[in-house]
Amino acid sequence: MLRFILSFFGAIFTLLTMGAVMGALTLGGVFYLYGRDLPTYETLSQYTPRMISRIYSREGRIIDEFAQERRLYTPAEEIPDIVKQAFISAEDKNFYTHAGYDPRGMAAALYDAVQSRGENLRGASTITQQVMKNFLLDGSRTGVAGIERKIKEIILATRIEQAMSKEKILELYLTEIDLGVRSFGVTAASLSYFNKPLVELTPAEAAFLAVHPKAPYSYHPVNDREAAIGRRNFILREMYQNGYIDANELEVALADPLRTVQNGDFPSFRDSLPPRSYFTDEIRRQLSQNFGEEEFFSGGLSIRATVDPELQLSAEEALQRALEEYDRSTGEWRGTGVTVPEQALDSEETWRVALRAADVPRNIALENRWYPAVVLEVEENQLRLGIEGLLDTDARPSVVPREDIQWMRGDFFENFTPGDVVHVRQMTADADGSFIRWTLRQVPEVQGGFMAMDVNNGRVLAMQGGFSYEDSVFNRATQAQRQPGSSFKPFVYAAALDSGYSPATIVVDAPIEINTPQGTWRPKNASNQFYGPTPLRTGIERSRNLMTIRLAQEIGIDTVGRYAERFGVYNDMNRVLAASLGSDETTLFKMVAAYAMFANGGERVEPTLVDRVQDRYGNTVYRHDQRICEDCDLANLPSGQGPRITSNRDRVMNEITAYQLTSMMQGVVDRGTASSAINLPVPIAGKTGTTNDAKDVWFVGFSSNVVAGCYIGYDTPRTLGRGASGGGLCGPVFNRFMTDAIERFGGEQFSVPADCQFINIDRFSGARLPNGVSGDNVIGECFRPGEEPLFGIMFDGGFAMAADLPLFDEVPRQGRQVRTSTGGTATVGPKATFGTLSSGGLY
């Protein structure tokens with residue numbers, strides 16, 4: 001009997017042992033089977049969720065965000081304990097003690113499901129398992145696929161618990177989870193729900209965030225308010241049971257009425273951001289090329305932009321004003337082209353609904369806001385409107401008087417019908433800002449671009465790529481390929497100056513014929529006149545086409561092309577003489593950057609919209625300024641001594657050439673083609689540009705600190721009309737902007753190279769003048785050492801070179817004998833004038 005009993009229990013033990021072994025083998029096989037293709041420790045430890053990339057102004061203010069998912073990274077040590085405790089209480093109270101999965105939690109969930117006959121189903125996934133869902137291919141929750149996913153979760157959870165600390169896992173969880181309102185992670189959700197940083201959250205607010213992981217869009221604070229409060233209060237009680245808050249804190253938190261952005265209790269964080277602009281969108285475009293779109297939109301980059309907010313506003317207003325002024329000069333009313341159904345005008349409620357639905361720009365001229373409006377009644381002497389977001393009052397009646405449409409062809413009846421959607425803005429008195437009347441506005445058909453940058457470091461201070469970003473996102477400062485026209489001429493003159501010419505060198509302004517594959521080309525000056533022998537300075541000041549072509553022909557168009565490419569204006573300029581007049585296409589961005597090299601003395605400067613880029617961990621992955629700081633590591637510097645900055649920039653052109661060209665371009669502003677448009681308190685140099693048939697007009701100019709450029713033209717090129725010019729249309733834009741830029745950055749005389757030899761020259765004839773003479777015709781030109789012009793005498797019968805004539809301080813008197821280069825002598829006659837002897841002969 002005893003033997004039978006022992007045998008029976010031995011058999012049972014054997015079966016149990018074998019069953020356990022088989023179960024273990026089976027379980028091991030299952031885990032091996034499902035664990036083969038899952039991520040390794042290394043992959044898990046390197047996992048990084050998608051983050052918002054943010055752009056900051058130079059003052060550190062957020063000005064734009066880009067993301068595939070709205071998520072912000074916050075290290076675990078910076079997440080307040082109350083936030084961690086709320087989520088642990090809601091999702092995984094044993095988080096700090098389990099090994100990645102929680103058998104007790106699983107058993108409790110199974111028990112509850114059996115006891116409630118399936119009515120009380122709750123998840124048993126730990127926080128670690130929830131983090132692991134990011135590595136799985138699908139989100140299957142039922143059937144065989146659901147079981148397989150759960151097995152993979154457990155395997156990954158145990159692996160990641162070995163690869164990461166608990167705090168790191170919690171950091172990933174609190175960064176990764178979807179918390180509703182299209183916000184991922186606690187930092188983004190805190191801003192979206194409460195417009196608060198994490199450190200300012202109350203226990204009630206932290207608990208409300210912890211409501212969402214299981215059902216992110218089922219506890220909306222408005223649509224599902226009661227359910228949200230009920231779930232929040234449950235979590236608060238769990239926090240109390242777990243010892244995270246005391247009874248008093250619990251009582252206060254339970255009484256919280258759940259104030260959120262969605263309820264209108266707090267302003268929206270998005271409302272504090274300015275509308276997207278050409279500047280930030282261009283940063284997106286450039287950094288997406290440099291870092292890749294995936295990294296830009298999900299890498300959590302912190303981008304410090306170079307934009308100066310005040311100057312950006314000045315650029316927008318200056319360009320918008322010029323485009324509007326030109327548009328009004330055409331007399332054409334186009335409006336928005338949008339209408340609302342006439343039956344919607346029957347009541348204020350219906351027209352307001354219809355107007356809100358109208359697809360028209362709403363972020364135009366932010367400082368002097370444009371409002372969408374619908375025409376309610378058309379009368380002989382006024383237009384009665386319904387204005388979006390505003391009421392019609394006696395102090396501010398919603399009407400446009402007849403005097404406002406004097407600029408357009410036709411009357412109210414010819415241009416408007418009830419239901420037309422238009423834009424209006426308020427006209428106010430300059431002195432006190434009081435309302436005067438409403439004035440009609442329309443987005444111009446003509447477009448343009450503007451850009452300004454620091455000449456010394458390439459930091460782009462302002463950029464406007466069109467009239468309105470909301471109306472058209474195409475950036476005409478960086479993307480529009482247009483002919484620069486005469487604004488390209490300085491590069492021809494730069495090549496000539498480096499080829500032995502001087503500002504006083506004479507070039508003949510006379511007709512020229514050039515054979516081309518298309519036939520004989522006979523270029524002309526804009527005035528259709530010829531001016532004979534003329535100094536280079538006058539040629540650029542008056543923008544003489546024939547002189548420029550002849551100059552390019554003499555030095556070689558290949559030389560001109562190499563200069564244009566060296567400055568970055570073109571990648572590969574066409575080697576044809578027409579290119580010397582700016583016939584090849586380029587961008588305003590490239591032209592402004594190239595002009596900066598004239599302004600800074602000939603050093604290469606790369607334009608940038610970004611000072612610095614940091615990754616999600618704060619590591620700098622890009623820095624624009626590559627200059628070397630010699631003393632920045634020293635703890636102490638002598639009193640009054642700052643760190644020494646060493647420039648390592650390449651030289652693009654000789655510094656004397658740069659100064660000569662700058663001086664000549666200063667003449668363009670002082671007395672040349674831009675003189676009527678530019679009136680600023682500091683020295684300004686620049687060049688106008690007008691293409692054939694005035695299809696494109698330009699002005700690019702600079703002070704000692706800031707370079708800026710403007711382009712205006714139709715997107716589909718067509719003439720701007722007779723009389724349109726770079727000085728007339730773009731010059732005022734530059735002048736308005738630089739007025740504000742000079743207030744911020746100042747300006748001074750352009751830096752003069754130490755080797756400059758200044759000699760008085762007659763700017764009309766190019767002749768050298770004695771020291772001490774003055775007059776409108778006298779200009780002090782800079783010459784390179786050894787290239788100073790010698791005196792010569794122009795007689796009634798022609799030139800005679802006085803090769804060894806000394807440099808004297810007064811004009812030789814009539815009758816004086818001078819020795820000529822032929823070895824003979826000549827007498828100064830009553831009509832003798834000076835000529836200038838240069839290395840190329842007497843011109």
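**View 1. Ala189 is a buried residue, at 0% relative accessibility.** Buried here means under 20% relative accessible area, with exposed over 50% and partly exposed in between, using a 1.4 Å probe and protein chains only. The model is predicted, so local features need pLDDT of at least 70 and side-chain atom pairs count only at pLDDT 80 or more, while totals for chains, interfaces and linings use all residues. Residues are numbered from 1 along each chain as its sequence is written, and side-chain values use heavy atoms, with hydrogens and water left out. You will find Ala189 in helix α8, residues 186–194. Helices (H or I, at least four residues) and strands (E, at least two) are DSSP runs, numbered from the N terminus. Not counting residues up to four places away in sequence, Ala189 touches Leu179, Ser183, Phe194 and Leu209; contact means heavy atoms within 4.5 Å. From Ala189 to Ile177 the C-alpha atoms are 9.9 Å apart, and the two residues are 12 apart in sequence.

**View 2. Five strands make an open sheet in the order β8-β7-β6-β9-β10, with antiparallel pairing.** The edges are β8 (399–401) and β10 (435–441), each with a single partner strand, so one side of each has no neighbour in the sheet. On average, neighbouring strands of this sheet are turned by 45° against each other, direction ignored. That angle is taken between axes, which are lines fitted to C-alpha atoms (for helices over the stretch in contact); angles run from 0 to 180 degrees between N-to-C directions. Look next at β7 (residues 382–387), which runs antiparallel to β8 and is joined to it by three bridges. Two strands pair if DSSP finds at least two bridges between them. Gln382 stands opposite Pro401 in β8.

**View 3. Tyr326 and Tyr714 form an edge-to-face aromatic pair, 6.4 Å centre to centre with 70° between the planes.** Rings of Phe, Tyr and Trp (its six-membered ring) pair if their centres lie within 6.5 Å; planes under 30 degrees apart count as stacked, over 60 as edge-to-face and the rest as tilted. Tyr326 belongs to helix α14 (residues 309–329) and Tyr714 to the loop between β23 (706–713) and α23 (726–745), so the pair ties together parts 388 residues apart in sequence. Tyr326 is buried at 11% relative accessible area, and Tyr714 is buried at 7%.

**View 4. Arg544 has its charged end over the ring of Tyr531, 3.7 Å from the ring's centre.** A charge sits over a ring if NZ of Lys or CZ of Arg is within 6 Å of the ring centre and within 35 degrees of the ring normal. Arg566 lies over the face of Tyr563, at 4.4 Å from the ring centre.
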